[in-house]
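I opened the model and kept notes as I went. Each entry below records one thing I looked up.

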Amino acid sequence: MSILRSLASRDRVFDFLVPVESPVDVRHGPILYLEDVTVSFDGFKAINDLNLTIDDGELRCIIGPNGAGKTTMMDIITGKTRPDSGKVWFGSRHDLLAMNEPQIASLGIGRKFQKPTVFEALTVFENLELAMAADKRILPTLTARMNGEIRDRIDEVLKTIGLAELRVRQAGILSHGQKQWLEIGMLLMQRPRLLLVDEPVAGMTEQEMERTAELLTGLAGKQSVVVVEHDMGFVRSIARKVTVLHQGSVLAEGSMDQVSSDPRVVEVYLGAEAEEEV
Amino acid sequence: MQSRSWLMRPFGERSTLIFLAVLLAAMALVTLMHLAVPPGHSLHVSAYTVNLFGKYLSYALLAVAVDLVWGYLGILSLGHGAFFAMGGYAMGMYLMRQIGDRGVYGHPVLPDFMVFLNWDSLPWYWHGFDMAGFAFLMVLLAPGALALIFGFLAFRSRVTGVYLSIITQALTFALMLAFFRNEMGFGGNNGLTDFREILGFNLRSSETRLGLFLASGVALAVGYLLCRAIVTSKLGRVCVATRDAEARTRFLGYRVERFQLFVFVVSAMLAGLAGALYVPQVGIINPSEFSPLFSIEIVLWVALGGRATLYGAVIGAILVNYAKTVFTGVMPDAWLFALGGLFVLVTVFLPRGVAGLLSLRLRRRRDADASFSAKEASA
């Protein structure tokens with residue numbers, strides 16, 4: 001239909017003749033750029049003049065007490081929530097506020113939710129196969145064949161997430177941590193440019209946390225990764241740069257040592273945690 | 001593992017090959033015992049029994065169609081009897097037109113019941129059914145079209161679970177009430193009957209009955225292979241993913257409602273085909289096939305046989321219907337109690353149905369194979 005419509009309009013070149021440009025422009029450095037973003041729900045400002053820049057290939061941790069606006073920020077980036085004001089840019093070409101959720105997802109922003117959801121009746125391999133970027137209409141899906149290229153891609157991700165041994169096992173038998181890795185793998189199959197990861201290590205054992213840390217630091221560089229996390233020890237083990245959110249805006253930013261010695265941060269967050277521990 | 005074309009894939013599966021071998025052996029055995037063993041011999045299979053088996057096979061195909069949507073898509077259809085009956089009516093209309101002027105009233109075109117109702121011409125939707133090709137096409141298209149419209153509305157509004165089951169139930173109930181009415185032009189509560197010939201073969205001859213039995217067997221084999229090809233394709237895995245985590249599947253970029261619609265329509269067409277094979281073998285189609293009770297019974301066959309295996313549905317349909325034949329012959333009043341009891345027993349002791357028993361062995365072997373190939377791959 002859209003082809004017909006573009007044939008009918010005479011004022012410009014047919015849409016389908018315009019070359020598809022490379023999706024994300026990161027020549028100027030940042031892959032994600034939030035400026036003066038404000039959102040309020042019933043008068044309560046969940047996000048208040050938030051400014052945040054994520055560089056291409058960076059691994060960034062976002063911490064902050066409950067209600068600091070971490071999840072709302074993720075919702076804005078993925079298009080689930082519309083801010084009242086402000087700018088959100090992906091690279092220097094894409095205005096995310098002008099796009100809907102599927103468009104943003106297809107640009108290469110993958111989001112990992114807190115609770116792992118994998119297809120339990122399918123094998124690990126099949127979970128990755130379904131997640132792969134491919135023609136997802138009915139007939140191409142019905143007649144889809146496995147070829148060497150696809151298998152190599154799945155094997156590569158299996159190796160990255162450390163589940164190569166379990167490829168033919170049903171996802172339902174995986175441990176909580178393994179399901180989290182599988183879900184990250186499912187995001188990777190779509191070749192994202194930016195991964196948003198929400199509390200990846202909640203409920204994990206020490207060992208699983210270590211492996212998750214390895215996994216996430218390994219991903220950075222190839223993808224940009226933004227991790228929202230509560231667990232301070234985990235953040236310390238992976239973060240090069242930490243952003244502290246408080247009441248909807250950035251309170252501090254820098255290395256873990258810098259922010260943890262910042263008196264304001266100690267007061268609102270680390271202090272509170274310290275008190276809890278006492 | 002997946003390099004074959006999707007239609008050929010089932011032939012690489014052990015379970016499908018076993019199923020086909022058993023089905024073909026059974027068909028050959030029945031044919032042989034019917035033709036080669038003289039009547040009166042204890043091993044002789046009578047034309048009546050051949051006919052009965054043919055009926056079971058058409059039920060088995062219906063059960064496979066239900067298992068496709070219930071087992072793999074998670075849609076519990078309590079209205080598949082409607083698609084079965086529509087296929088049956090399409091076949092019945094063809095058989096009615098074949099009677100020609102040999103009816104009780106001797107009208108050259110109109111079936112008896114229309115003459116009886118003082119109609120002077122054929123309703124528009126009865127045209128074309130004198131041609132076998134058109135009628136057989138409608139056997140697939142009529143249920144398919146109903147499923148397409150119904151499914152489009154239901155899946156688009158994301159009706160799922162119990163609500164969808166109830167709506168399918170209402171669908172078949174509404175159709176039953178409609179088909180009971182004389183002015184619908186489908187023979188009212190008497191339905192269509194008194195058939196004589198199919199494609200020129202006398203329906204009452206034992207050769208035709210054997211032919212219909214074999215045709216049902218072939219249809220079951222083809223339907224089974226088609227369903228198997230669907231469930232072993234990537235589309236089949238999308239179906240299972242939809243069944244278990246619909247929102248997640250949508251999030252991966254699959255238009256879930258379209259996949260549901262596609263599989264639902266395929267299933268409805270298979271159910272229609274089963275109905276079309278059933279009608280000439282029992283010699284009548286009436287609105288009781290639309291009854292909600294019948295649709296629920298189909299689900300029972302699948303549950304007893306084992307959901308999401310396809311061959312389990314076949315086993316369940318044949319087992320329950322054989323038991324029904326035996327029971328209703330010996331003590332008719334006890335049949336429903338026996339069915340209820342059987343269902344309770346299977347749910348308690350065989351939660352995965354009769355097929356669960358069989359697949360246990362197969363699965364163990366497959367797991368052994370799988371871990372072996374995993375080792376091979378990592379080495």
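**Entry 1: a sheet in chain A.** I began with strand E4 (residues 85-90) of chain A, which pairs with E1(A) in the antiparallel sense over five bridges. Strands here are DSSP runs of E, at least two residues long, and helices are runs of H or I, at least four, numbered from the N terminus. Two strands pair if DSSP finds at least two bridges between them. In this pairing I found Glu35(A) opposite Lys87(A) in E4(A).

Before going on, I noted the ground rules. This is a predicted model, in which local features need pLDDT of at least 70, side-chain atom pairs count only at pLDDT 80 or more, and totals for chains, interfaces and linings use all residues. Residues are numbered from 1 along each chain as its sequence is written, while chains are lettered from A and ligands numbered from 1 in the order in which they are written.

I then followed strand E1 (residues 30-41) of chain A to its other partner. Eight bridges join E1(A) to E2(A), and the two run antiparallel. Tyr33(A) has Thr53(A) in E2(A) as its bridge partner.

I could now write down the order. It is E2-E1-E4-E5 (chain A), an open sheet of four strands with antiparallel pairing. Strand E2 (44-55) and strand E5 (94-95) of chain A are the edges, each pairing on one side only.

**Entry 2: a parallel pair in chain A.** Next I checked strand E6 (residues 109-112) of chain A. Ile109(A) and Arg111(A) point one way, Gly110(A) and Lys112(A) the other, and all are buried. Buried means 20 or more other C-beta atoms within 10 Å of the residue's own, exposed means 12 or fewer, and partly exposed is in between, with C-beta atoms placed from the backbone. E6(A) pairs with strand E7 (residues 194-198) of chain A in the parallel sense over four bridges. Gly110(A) stands opposite Leu195(A) in E7(A).

**Entry 3: two positive phi angles.** Most residues other than glycine have a negative phi. Gln247(A) has a positive phi of about 50°. It is found in the loop between strand E9 (241-246) and strand E10 (249-254) of chain A. Why is Gln247(A) partly exposed? Because it has 15 other C-beta atoms within 10 Å.

Ala308(B) has a positive phi of about 60°. Its loop lies between helix H11 (292-305) and helix H12 (311-330) of chain B. Ala308(B) counts as buried because it has 22 C-beta neighbours inside 10 Å.

**Entry 4: chain B overall.** I counted 14 helices and four strands in chain B. The radius of gyration of chain B is 22 Å, close to the 21 Å that the globule rule gives for 379 residues, so it is as compact as a globular protein of that length. The radius is taken over C-alpha atoms, and the rule is 2.2 Å times the number of residues to the power 0.38. Buried residues make up 42% of the 379.

UniProt, in an unreviewed entry, places the feature "transmembrane region" at several spans of chain B, including 132-155 and 334-354. I took the end C-alpha distances. Residues 132-155 of chain B give 34 Å, with 100% helix and 0% strand. Residues 334-354 of chain B give 22 Å, with 81% helix and 0% strand.

**Entry 5: where the chains touch.** The contact takes 24 residues from chain B and 21 residues from chain A. Two residues are in contact if their C-beta atoms, placed from the backbone, lie within 7 Å. On the chain B side, helix H8 (234-244), helix H10 (256-282) and helix H14 (353-378) each supply at least two residues. H8(B) gives the largest share, seven residues.

Conventions: UniProt positions renumbered as here; feature names shortened; annotations may be inferred.
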